[in-house]
Amino acid sequence: MINVYEAASANKRKSAVIIVLFIIFVTVSVYILSQAMGVYFGYEPGGLGAAGIALIISGFMSFGSYYYSDKIVLSISGAKEADRNEFFNFYTAAENLAIGGGLPKPKLYVIDDSAPNAFATGRDPEHAVICATTGLIAKLNKSELEGVIAHELSHIKNYDIRLMSIVSVLVGTIALLADFFLRMSFHGGRRDRKSGQLGAVILVLGLIFAIASPIIAQLIQLAVSRRREFFADAHAIAFTRQPSGLISALNKISADHEPLEAANKATAHLYIANPFKDKIKSSVSWFSNLFNTHPPIEERIAALEKMA
Amino acid sequence: MPLILIGILAVLVIWVFTTYNFFVSSRARIKAAVQEIGNQLKRQADLIPNLESSTKGYLKHEKKIFADLTDARRAIASAVKSGDVQKMADAGSQLASILPSIRVAVEDNPELKASEVVTKLMDELRDTADKVMYARRLVIDLTADFNVKRVSVPSNIVANIFKFIELPGLITPEKGEHVEVGSGETKTPKVNLE
């Protein structure tokens with residue numbers, strides 16, 4: 001049986017480990033790809049300029065979506081603002097938990113869909129948005145609703161949206177760099193490129209990385225996303241001081257097999273439970289779980305019950 | 001060589017600044033959180049006249065409840081004015097102790113129970129009680145963070161240099177019946193659902 005603070009610190013440590021590994025991986029990939037491009041084009045230190053360009057492009061592409069994340073996601077999902085009288089429990093639970101967490105009250109929206117789910121977005125706590133489906137509000141009681149809202153508030157408080165945006169910028173950089181390298185290889189380089197054993201090795205490494213690193217980077221991004229989900233669960237308990245609300249809410253959400261119509265692949269990672277209800281219980285489930293933005297609900301419930 | 005020493009010194013100075021800033025900003029946040037308690041208490045107290053006017057016709061004989069409510073309102077107003085967190089906590093508890101009897105009186109009266117206005121008011125009353133609870137929890141949490149940092153190594157070095165004292169937060173007596181479990185309470189209660 002572990003307490004809330006230990007659970008939260010354990011998650012913080014594990015996510016720090018993953019992020020450090022991710023940064024090391026990104027650095028190594030960028031270095032190798034740049035060196036390979038340099039060998040190909042016959043100059044040293046290599047294509048660091050290309051890396052810079054890739055970073056800038058990737059940054060621009062992601063910046064808009066991060067900065068305006070609240071407006072974009074809401075317009076995609078067809079959400080409308082939550083009325084206090086109509087959704088009293090949802091509204092007051094969010095208000096109260098925000099007070100308890102020392103956060104400004106986030107803007108609240110509702111999606112008209114009977115599938116129970118919720119998400120949070122926004123670049124910082126002052127611009128935060130929490131959105132729930134009418135199905136969630138109808139199917140959960142007050143304490144379960146508090147658990148879900150506390151989970152979303154934890155994402156906001158821990159700047160998870162910002163973290164995932166930065167991670168996706170880095171993933172995008174690697175994907176672009178790899179793309180540059182592979183395209184350039186087809187167009188041919190300068191005639192007087194530096195050849196020799198080292199050059200050949202670097203070229204081969206560059207090729208391997210160009211093919212493998214976008215996938216590996218994406219897998220690490222998904223691992224970060226899963227770890228932050230565990231962290232948000234643990235932190236939610238720090239808000240509500242009792243795990244049973246969230247445990248019972250997760251049970252109810254996982255028992256419901258209806259897919260959420262408003263969600264698409266781009267927004268799936270923001271929701272509290274994977275809106276695409278593919279539960280693959282077979283020998284390949286470990287592998288397919290690597291591509292999941294959320295940890296399996298059974299694991300999340302098990303982790304929460306350790307604190308109960 | 002001297003460059004490395006300057007680098008280390010710079011890191012140390014930045015660390016001292018950051019830790020000191022944490023302590024002073026924490027104190028300011030705690031002060032703001034105490035004001036939040038006062039804010040929520042005031043909101044709670046403001047609901048009472050509404051409750052009185054909509055229920056007085058039906059609860060004419062419940063004179064004690066209304067007298068208690070007026071006392072509680074007065075206590076809250078003076079506590080919020082004083083800004084003393086302990087007084088506010090006590091005033092809040094005073095009002096919270098009357099709420100159950102109001103609820104019982106409303107439930108016992110079929111006309112009140114059916115009235116939408118009164119039901120909504122009771123919901124709002126319960127919500128304000130929740131809000132006071134969360135406001136108090138925030139003070140407790142912020143004070144805990146402050147006190148933990150104050151005694152942990154290495155931030156306690158900064159704390160001692162600048163003489164930050166332990167903050168009391170919300171004073172709960174550490175001895176007393178609320179932290180003791182009587183032998184009767186350890187037995188499973190028998191519920192009679194007749």
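**Contacts, cores and a strand pair**

In chain A of this predicted model, 75% of the contacts with a separation of 6 or more come from residues 24 or more positions apart; a contact here means two C-beta atoms, placed from the backbone, within 7 Å. Local features need pLDDT of at least 70 and side-chain atom pairs count only at pLDDT 80 or more, while totals for chains, interfaces and linings use all residues. Residues are numbered from 1 along each chain as its sequence is written, with chains lettered from A and ligands numbered from 1 in the order in which they are written.

Chain A has eleven helices and four strands, which are DSSP runs (H or I, at least four residues; E, at least two) numbered from the N terminus.

Now for the cores, sets of buried Ala, Val, Leu, Ile, Met, Phe, Trp, Tyr and Cys residues joined through C-beta atoms within 7 Å. The largest has 79 residues, and A:Ala118, A:Ile130 and B:Ile76 are among those with the most contacts inside it. Helix H5 (residues 116-151) of chain B gives the most to this core, nine residues.

A:Ala118 also belongs to strand E3 (residues 118-121) of chain A, where it points one way along with A:Ala120, while A:Phe119 and A:Thr121 point the other way. Four bridges join E3(A) to the antiparallel strand E4 (residues 129-133) of chain A; DSSP has to find at least two for strands to pair. A:Ile130 in E4(A) is the bridge partner of A:Ala120.

How values were computed. Buried ≥ 20, exposed ≤ 12 C-beta atoms within 10 Å, placed from the backbone.
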